[in-house]
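Visitor: Hi! Could you walk me through a few helices in this one?
Guide: Happy to, let's have a look.

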Amino acid sequence: MTTATPARELDEAGPARFEELIAADQKVEPADWMPDAYRRTLVRQISQHAHSEIIGMQPEGNWITRAPSLQRKAILMAKVQDEAGHGLYLYSAAQTLGTPREEMYEQLLTGKAKYSSIFNYLTPTWADMGSIGWLVDGAAICNQVPLCRASYGPYARAMVRICKEESFHQRQGFEILLALMNGTQAQRVMAQESVNRWYAPALMMFGPPDDASPNSAQSMAWNIKRFSNDDLRQRFVDMIVPQAEILGVTLPDPDLRWNEERGHWDYGDLDWDEFREVLAGRGQANSIRIAKRRRAHEDGAWVREAARAYAEKQQAREKVAS
Ligand code: BYC
(Lines give C-alpha, C1' and ligand atoms only; values in the text may rest on other atoms or scores of the structure.)
Protein backbone atom coordinates (compact mmCIF):
# COMPACT_ATOMS: atom_id res chain seq x y z
CA MET A 1 0.00 0.00 0.00
CA THR A 2 1.11 3.55 -0.67
CA THR A 3 2.86 5.61 1.95
CA ALA A 4 3.33 9.37 2.03
CA THR A 5 6.72 10.72 0.98
CA PRO A 6 8.90 10.69 4.12
CA ALA A 7 10.17 14.22 3.40
CA ARG A 8 6.61 15.45 3.38
CA GLU A 9 5.73 13.58 6.54
CA LEU A 10 8.46 15.55 8.19
CA ASP A 11 7.01 18.78 6.90
CA GLU A 12 5.56 20.17 10.08
CA ALA A 13 3.40 22.69 8.31
CA GLY A 14 1.80 19.94 6.23
CA PRO A 15 -1.00 18.76 8.54
CA ALA A 16 -2.14 22.27 9.39
CA ARG A 17 -2.06 23.27 5.73
CA PHE A 18 -4.11 20.18 4.83
CA GLU A 19 -6.72 21.07 7.45
CA GLU A 20 -6.81 24.62 6.13
CA LEU A 21 -7.38 23.45 2.56
CA ILE A 22 -10.22 21.16 3.63
CA ALA A 23 -11.82 23.81 5.86
CA ALA A 24 -11.65 26.35 3.02
CA ASP A 25 -13.06 23.76 0.58
CA GLN A 26 -10.02 24.09 -1.64
CA LYS A 27 -8.20 21.44 -3.62
CA VAL A 28 -5.48 19.17 -2.31
CA GLU A 29 -2.88 18.55 -5.04
CA PRO A 30 -0.47 15.61 -5.46
CA ALA A 31 2.57 17.41 -4.00
CA ASP A 32 0.67 18.60 -0.90
CA TRP A 33 1.07 16.83 2.41
CA MET A 34 -1.93 14.61 3.15
CA PRO A 35 -2.74 12.06 5.86
CA ASP A 36 -2.02 8.48 4.86
CA ALA A 37 -5.64 7.53 5.51
CA TYR A 38 -6.84 10.27 3.12
CA ARG A 39 -4.45 8.95 0.47
CA ARG A 40 -5.59 5.36 1.05
CA THR A 41 -9.26 6.30 0.90
CA LEU A 42 -8.73 8.08 -2.40
CA VAL A 43 -6.74 5.25 -3.95
CA ARG A 44 -9.45 2.80 -2.84
CA GLN A 45 -12.33 4.85 -4.20
CA ILE A 46 -10.66 6.07 -7.40
CA SER A 47 -9.20 2.67 -8.32
CA GLN A 48 -12.53 0.94 -7.61
CA HIS A 49 -14.17 3.49 -9.85
CA ALA A 50 -11.57 2.90 -12.58
CA HIS A 51 -12.08 -0.86 -12.31
CA SER A 52 -15.85 -0.32 -12.59
CA GLU A 53 -15.41 1.54 -15.85
CA ILE A 54 -13.15 -1.17 -17.29
CA ILE A 55 -15.32 -4.09 -16.16
CA GLY A 56 -18.37 -1.98 -17.09
CA MET A 57 -17.36 -2.27 -20.76
CA GLN A 58 -18.24 -5.98 -20.75
CA PRO A 59 -22.03 -6.02 -20.29
CA GLU A 60 -22.42 -3.60 -23.21
CA GLY A 61 -19.52 -4.96 -25.26
CA ASN A 62 -21.63 -8.10 -25.30
CA TRP A 63 -24.11 -6.29 -27.61
CA ILE A 64 -21.83 -4.42 -30.02
CA THR A 65 -21.93 -7.11 -32.69
CA ARG A 66 -25.67 -7.65 -32.20
CA ALA A 67 -26.92 -4.06 -32.04
CA PRO A 68 -30.04 -3.80 -34.23
CA SER A 69 -28.67 -1.27 -36.76
CA LEU A 70 -25.38 0.19 -37.97
CA GLN A 71 -26.18 3.45 -36.21
CA ARG A 72 -26.95 1.71 -32.90
CA LYS A 73 -23.70 -0.23 -33.26
CA ALA A 74 -21.65 2.94 -33.85
CA ILE A 75 -23.25 4.67 -30.85
CA LEU A 76 -22.71 1.69 -28.55
CA MET A 77 -19.11 1.32 -29.67
CA ALA A 78 -18.45 5.01 -28.95
CA LYS A 79 -20.02 4.64 -25.51
CA VAL A 80 -17.92 1.62 -24.60
CA GLN A 81 -14.81 3.46 -25.79
CA ASP A 82 -15.75 6.39 -23.54
CA GLU A 83 -15.81 3.96 -20.63
CA ALA A 84 -12.28 2.79 -21.44
CA GLY A 85 -11.28 6.45 -21.45
CA HIS A 86 -12.91 7.05 -18.06
CA GLY A 87 -11.00 4.11 -16.66
CA LEU A 88 -7.76 5.56 -17.97
CA TYR A 89 -8.34 9.07 -16.56
CA LEU A 90 -9.17 7.52 -13.22
CA TYR A 91 -6.15 5.20 -13.12
CA SER A 92 -4.03 8.27 -13.94
CA ALA A 93 -5.64 10.23 -11.10
CA ALA A 94 -4.97 7.35 -8.69
CA GLN A 95 -1.37 7.12 -9.89
CA THR A 96 -0.77 10.71 -8.79
CA LEU A 97 -1.22 9.36 -5.25
CA GLY A 98 1.78 7.08 -5.73
CA THR A 99 0.14 3.73 -6.49
CA PRO A 100 1.47 2.15 -9.70
CA ARG A 101 -1.11 1.13 -12.25
CA GLU A 102 0.24 -2.45 -12.30
CA GLU A 103 -0.55 -2.70 -8.59
CA MET A 104 -4.13 -1.59 -9.17
CA TYR A 105 -4.56 -4.05 -12.04
CA GLU A 106 -3.20 -6.81 -9.86
CA GLN A 107 -5.73 -5.97 -7.14
CA LEU A 108 -8.56 -6.16 -9.66
CA LEU A 109 -7.41 -9.40 -11.26
CA THR A 110 -6.86 -11.15 -7.95
CA GLY A 111 -10.20 -10.02 -6.54
CA LYS A 112 -8.62 -7.86 -3.83
CA ALA A 113 -10.19 -4.70 -5.22
CA LYS A 114 -13.89 -4.15 -5.65
CA TYR A 115 -15.72 -2.81 -8.67
CA SER A 116 -19.33 -1.72 -8.87
CA SER A 117 -21.87 -4.41 -8.00
CA ILE A 118 -23.98 -3.41 -11.01
CA PHE A 119 -21.63 -4.98 -13.54
CA ASN A 120 -22.20 -8.45 -12.16
CA TYR A 121 -25.66 -8.64 -13.74
CA LEU A 122 -26.20 -10.22 -17.14
CA THR A 123 -27.44 -8.43 -20.27
CA PRO A 124 -29.61 -10.99 -22.10
CA THR A 125 -31.67 -8.52 -24.20
CA TRP A 126 -31.09 -5.45 -26.35
CA ALA A 127 -33.36 -3.50 -24.00
CA ASP A 128 -30.65 -3.95 -21.36
CA MET A 129 -28.55 -1.44 -23.34
CA GLY A 130 -31.38 1.02 -22.76
CA SER A 131 -31.71 0.19 -19.07
CA ILE A 132 -27.98 0.44 -18.49
CA GLY A 133 -27.85 3.84 -20.14
CA TRP A 134 -30.96 5.20 -18.47
CA LEU A 135 -30.67 3.66 -15.00
CA VAL A 136 -27.00 2.73 -14.51
CA ASP A 137 -25.54 5.84 -16.14
CA GLY A 138 -28.32 7.87 -14.56
CA ALA A 139 -27.28 6.60 -11.13
CA ALA A 140 -23.66 7.22 -12.06
CA ILE A 141 -24.43 10.86 -12.85
CA CYS A 142 -26.24 11.40 -9.53
CA ASN A 143 -23.29 9.88 -7.71
CA GLN A 144 -20.54 11.45 -9.76
CA VAL A 145 -21.58 15.07 -10.35
CA PRO A 146 -20.83 15.88 -6.68
CA LEU A 147 -17.43 14.18 -7.13
CA CYS A 148 -16.49 17.01 -9.54
CA ARG A 149 -16.14 18.99 -6.29
CA ALA A 150 -14.11 16.32 -4.48
CA SER A 151 -11.24 17.78 -2.50
CA TYR A 152 -8.51 15.94 -4.39
CA GLY A 153 -7.72 18.01 -7.50
CA PRO A 154 -6.80 15.32 -10.07
CA TYR A 155 -9.89 13.26 -9.15
CA ALA A 156 -12.25 16.24 -9.31
CA ARG A 157 -10.87 17.33 -12.68
CA ALA A 158 -11.15 13.83 -14.16
CA MET A 159 -14.76 13.69 -13.02
CA VAL A 160 -15.75 16.84 -14.94
CA ARG A 161 -15.13 15.24 -18.31
CA ILE A 162 -16.51 11.88 -17.20
CA CYS A 163 -19.78 13.48 -16.11
CA LYS A 164 -20.22 15.28 -19.44
CA GLU A 165 -19.89 11.96 -21.25
CA GLU A 166 -22.12 10.13 -18.76
CA SER A 167 -24.90 12.57 -19.42
CA PHE A 168 -24.76 11.69 -23.14
CA HIS A 169 -24.74 8.00 -22.17
CA GLN A 170 -27.85 8.39 -20.09
CA ARG A 171 -29.72 10.07 -22.91
CA GLN A 172 -28.77 7.38 -25.40
CA GLY A 173 -30.11 4.73 -23.00
CA PHE A 174 -33.33 6.66 -22.49
CA GLU A 175 -33.70 6.99 -26.26
CA ILE A 176 -33.24 3.23 -26.77
CA LEU A 177 -36.03 2.55 -24.27
CA LEU A 178 -38.23 5.26 -25.78
CA ALA A 179 -37.84 3.71 -29.24
CA LEU A 180 -38.78 0.30 -27.83
CA MET A 181 -41.74 1.69 -25.91
CA ASN A 182 -42.98 3.32 -29.13
CA GLY A 183 -42.49 0.06 -31.02
CA THR A 184 -44.36 -3.23 -31.12
CA GLN A 185 -46.03 -4.96 -28.18
CA ALA A 186 -43.09 -7.40 -28.02
CA GLN A 187 -40.63 -4.48 -27.85
CA ARG A 188 -42.60 -2.82 -25.04
CA VAL A 189 -42.61 -6.10 -23.11
CA MET A 190 -38.87 -6.41 -23.63
CA ALA A 191 -38.26 -2.87 -22.35
CA GLN A 192 -40.43 -3.36 -19.25
CA GLU A 193 -38.87 -6.73 -18.44
CA SER A 194 -35.42 -5.17 -18.62
CA VAL A 195 -36.36 -2.22 -16.39
CA ASN A 196 -37.80 -4.76 -13.91
CA ARG A 197 -34.37 -6.40 -13.66
CA TRP A 198 -32.20 -3.25 -13.48
CA TYR A 199 -34.22 -0.98 -11.18
CA ALA A 200 -33.22 -2.40 -7.78
CA PRO A 201 -29.57 -3.14 -8.67
CA ALA A 202 -29.26 0.47 -9.92
CA LEU A 203 -30.55 1.75 -6.57
CA MET A 204 -27.99 -0.43 -4.80
CA MET A 205 -25.14 1.13 -6.79
CA PHE A 206 -25.15 4.01 -4.30
CA GLY A 207 -23.80 1.67 -1.66
CA PRO A 208 -25.18 0.40 1.64
CA PRO A 209 -27.68 2.43 3.69
CA ASP A 210 -26.08 5.27 5.64
CA ASP A 211 -26.16 3.39 8.95
CA ALA A 212 -24.17 0.55 7.33
CA SER A 213 -21.69 2.70 5.39
CA PRO A 214 -18.41 2.62 7.33
CA ASN A 215 -16.52 5.02 5.05
CA SER A 216 -19.06 7.80 4.54
CA ALA A 217 -18.51 9.95 7.64
CA GLN A 218 -14.77 10.33 7.16
CA SER A 219 -15.04 10.73 3.39
CA MET A 220 -17.59 13.50 3.89
CA ALA A 221 -15.43 15.20 6.53
CA TRP A 222 -12.60 15.23 3.97
CA ASN A 223 -14.89 16.63 1.22
CA ILE A 224 -14.40 13.55 -0.93
CA LYS A 225 -18.04 12.52 -0.74
CA ARG A 226 -20.48 15.44 -0.62
CA PHE A 227 -23.71 13.56 0.03
CA SER A 228 -24.53 10.34 1.84
CA ASN A 229 -25.40 7.13 -0.01
CA ASP A 230 -29.08 7.39 0.97
CA ASP A 231 -29.33 11.07 -0.01
CA LEU A 232 -28.00 10.31 -3.46
CA ARG A 233 -30.26 7.27 -3.79
CA GLN A 234 -33.26 9.47 -2.96
CA ARG A 235 -32.16 12.06 -5.50
CA PHE A 236 -31.98 9.31 -8.12
CA VAL A 237 -35.45 7.93 -7.33
CA ASP A 238 -36.90 11.46 -7.50
CA MET A 239 -35.22 11.93 -10.87
CA ILE A 240 -36.33 8.69 -12.53
CA VAL A 241 -39.99 8.59 -11.46
CA PRO A 242 -41.07 11.35 -13.89
CA GLN A 243 -38.74 9.95 -16.56
CA ALA A 244 -40.40 6.53 -16.22
CA GLU A 245 -43.75 8.23 -16.78
CA ILE A 246 -42.52 9.78 -20.02
CA LEU A 247 -41.20 6.41 -21.14
CA GLY A 248 -44.41 4.65 -20.16
CA VAL A 249 -42.60 2.01 -18.09
CA THR A 250 -43.59 0.96 -14.58
CA LEU A 251 -40.91 1.01 -11.89
CA PRO A 252 -41.11 -2.39 -10.15
CA ASP A 253 -41.67 -1.12 -6.62
CA PRO A 254 -45.17 -1.39 -5.08
CA ASP A 255 -44.10 0.93 -2.25
CA LEU A 256 -43.20 3.80 -4.55
CA ARG A 257 -45.39 6.77 -3.65
CA TRP A 258 -45.11 10.53 -3.38
CA ASN A 259 -44.61 11.74 0.18
CA GLU A 260 -46.07 15.22 0.40
CA GLU A 261 -44.54 15.88 3.80
CA ARG A 262 -40.99 14.97 2.78
CA GLY A 263 -41.32 16.33 -0.73
CA HIS A 264 -39.75 13.11 -2.04
CA TRP A 265 -40.79 9.73 -3.42
CA ASP A 266 -40.89 6.95 -0.83
CA TYR A 267 -39.51 3.67 -2.10
CA GLY A 268 -39.50 0.11 -0.81
CA ASP A 269 -36.78 -1.86 0.96
CA LEU A 270 -33.94 -3.16 -1.15
CA ASP A 271 -32.55 -6.68 -0.93
CA TRP A 272 -29.25 -5.99 0.84
CA ASP A 273 -28.56 -9.72 1.12
CA GLU A 274 -28.37 -9.82 -2.65
CA PHE A 275 -25.99 -6.83 -2.59
CA ARG A 276 -23.72 -8.57 -0.07
CA GLU A 277 -23.77 -11.76 -2.16
CA VAL A 278 -22.72 -9.83 -5.27
CA LEU A 279 -19.91 -8.11 -3.34
CA ALA A 280 -18.78 -11.49 -2.05
CA GLY A 281 -18.29 -12.65 -5.65
CA ARG A 282 -21.50 -14.68 -5.93
CA GLY A 283 -23.50 -12.50 -8.32
CA GLN A 284 -24.80 -13.63 -11.73
CA ALA A 285 -21.65 -12.70 -13.62
CA ASN A 286 -18.74 -12.11 -11.18
CA SER A 287 -16.71 -15.06 -12.39
CA ILE A 288 -17.45 -14.32 -16.08
CA ARG A 289 -16.34 -10.69 -15.68
CA ILE A 290 -13.05 -11.47 -13.93
CA ALA A 291 -12.18 -14.39 -16.20
CA LYS A 292 -12.71 -12.20 -19.26
CA ARG A 293 -10.67 -9.37 -17.76
CA ARG A 294 -7.81 -11.75 -16.94
CA ARG A 295 -7.83 -13.09 -20.48
CA ALA A 296 -7.80 -9.58 -21.94
CA HIS A 297 -4.91 -8.66 -19.64
CA GLU A 298 -2.91 -11.69 -20.73
CA ASP A 299 -3.71 -11.09 -24.40
CA GLY A 300 -2.51 -7.50 -24.03
CA ALA A 301 0.87 -8.43 -22.55
CA TRP A 302 2.63 -7.94 -25.90
CA VAL A 303 1.24 -4.41 -26.22
CA ARG A 304 2.56 -3.43 -22.79
CA GLU A 305 5.88 -5.04 -23.64
CA ALA A 306 6.11 -3.17 -26.95
CA ALA A 307 5.19 0.15 -25.28
CA ARG A 308 7.87 -0.41 -22.64
CA ALA A 309 10.51 -1.22 -25.28
CA TYR A 310 9.51 1.85 -27.28
CA ALA A 311 9.73 4.10 -24.21
CA GLU A 312 13.18 2.72 -23.38
CA LYS A 313 14.33 3.34 -26.92
CA GLN A 314 13.05 6.92 -26.81
CA GLN A 315 14.77 7.54 -23.50
CA ALA A 316 18.06 6.17 -24.84
CA ARG A 317 17.73 8.44 -27.92
CA GLU A 318 17.03 11.48 -25.76
CA LYS A 319 20.09 10.69 -23.64
CA VAL A 320 22.32 10.52 -26.70
CA ALA A 321 20.87 13.79 -28.03
CA SER A 322 21.35 15.70 -24.76
N1 BYC B 1 -20.47 -1.98 -5.56
O2 BYC B 1 -18.73 2.72 3.24
P3 BYC B 1 -19.31 2.61 1.88
C4 BYC B 1 -20.24 3.64 -13.59
C5 BYC B 1 -18.42 -1.07 -0.99
S6 BYC B 1 -18.98 3.22 -12.61
C7 BYC B 1 -19.39 -2.55 -4.99
O8 BYC B 1 -20.57 3.34 1.61
P9 BYC B 1 -17.82 4.37 0.12
C10 BYC B 1 -20.30 3.16 -14.98
C11 BYC B 1 -17.45 0.04 -0.65
O12 BYC B 1 -16.41 0.11 -1.61
C13 BYC B 1 -19.79 2.99 -11.03
N14 BYC B 1 -18.93 -2.19 -3.77
O15 BYC B 1 -18.17 2.99 0.81
C16 BYC B 1 -19.21 2.57 -15.58
C17 BYC B 1 -16.98 -0.39 0.73
O18 BYC B 1 -16.05 -1.45 0.64
P19 BYC B 1 -14.46 -1.20 0.88
C20 BYC B 1 -18.82 3.11 -9.96
C21 BYC B 1 -19.60 -1.20 -3.14
O22 BYC B 1 -16.58 4.21 -0.67
C23 BYC B 1 -19.35 2.05 -16.88
C24 BYC B 1 -18.25 -1.00 1.33
O25 BYC B 1 -19.07 -1.37 0.24
N26 BYC B 1 -18.88 4.42 -9.37
O27 BYC B 1 -21.08 4.21 -13.07
O28 BYC B 1 -17.87 5.49 1.11
C29 BYC B 1 -20.55 2.13 -17.53
C30 BYC B 1 -18.98 -0.04 2.24
O31 BYC B 1 -19.53 1.08 1.50
C32 BYC B 1 -20.71 -0.56 -3.70
C33 BYC B 1 -17.98 4.80 -8.47
O34 BYC B 1 -17.10 4.06 -8.11
C35 BYC B 1 -21.15 -0.99 -4.95
N36 BYC B 1 -22.22 -0.45 -5.58
O37 BYC B 1 -19.05 4.61 -0.89
C38 BYC B 1 -21.62 2.75 -16.92
C39 BYC B 1 -18.13 6.20 -7.95
N40 BYC B 1 -21.16 0.37 -2.83
O41 BYC B 1 -13.99 -0.34 -0.27
C42 BYC B 1 -21.51 3.27 -15.64
C43 BYC B 1 -17.12 6.54 -6.91
C44 BYC B 1 -20.36 0.30 -1.77
O45 BYC B 1 -14.33 -0.46 2.17
N46 BYC B 1 -17.32 5.82 -5.68
N47 BYC B 1 -19.43 -0.65 -1.94
O48 BYC B 1 -13.87 -2.57 0.83
C49 BYC B 1 -18.16 6.21 -4.70
O50 BYC B 1 -18.86 7.22 -4.83
C51 BYC B 1 -18.18 5.43 -3.43
O52 BYC B 1 -17.01 4.64 -3.39
C53 BYC B 1 -19.44 4.54 -3.26
C54 BYC B 1 -19.27 3.73 -1.95
C55 BYC B 1 -20.67 5.41 -3.15
C56 BYC B 1 -19.59 3.56 -4.42
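**Helix packing**

Guide: Asn286, Arg289, Ile290 and His297 are the buried residues of H13 (buried means under 20% relative accessible area, exposed over 50%, partly exposed in between, with a 1.4 Å probe and protein chains only). They sit on the same side of H13, because they cover an arc of only 90 degrees around the axis, taken from the directions from the helix axis to the C-beta atoms.

Visitor: What kind of model and numbering is this?
Guide: It is a predicted model, where local features need pLDDT of at least 70, side-chain atom pairs count only at pLDDT 80 or more, and totals for chains, interfaces and linings use all residues. Residues are numbered from 1 along each chain as its sequence is written, and side-chain values use heavy atoms, leaving out hydrogens and water.

Visitor: Which exposed residues are on the face of H13 turned away from its buried side?
Guide: That face carries Ser287, Glu298 and Asp299.

Visitor: And which helices do the buried residues of H13 pack against?
Guide: They pack against H3, H4, H6, H12 and H14. Helices here are DSSP runs (H or I, at least four residues), numbered from the N terminus.

Visitor: New topic: where is Ser117?
Guide: Ser117 lies in the loop between H6 and H7.

Visitor: Is Ser117 buried or exposed?
Guide: Ser117 is buried, as its relative accessible area is 8%.

Visitor: What does Ser117 touch?
Guide: Leaving aside residues up to four places away in sequence, Ser117 touches Met204, Met205, Phe275, Val278 and Leu279; contact means heavy atoms within 4.5 Å.

Note on methods. Helix = DSSP H or I, 4+ residues; strand = E, 2+ residues; numbered from the N terminus.
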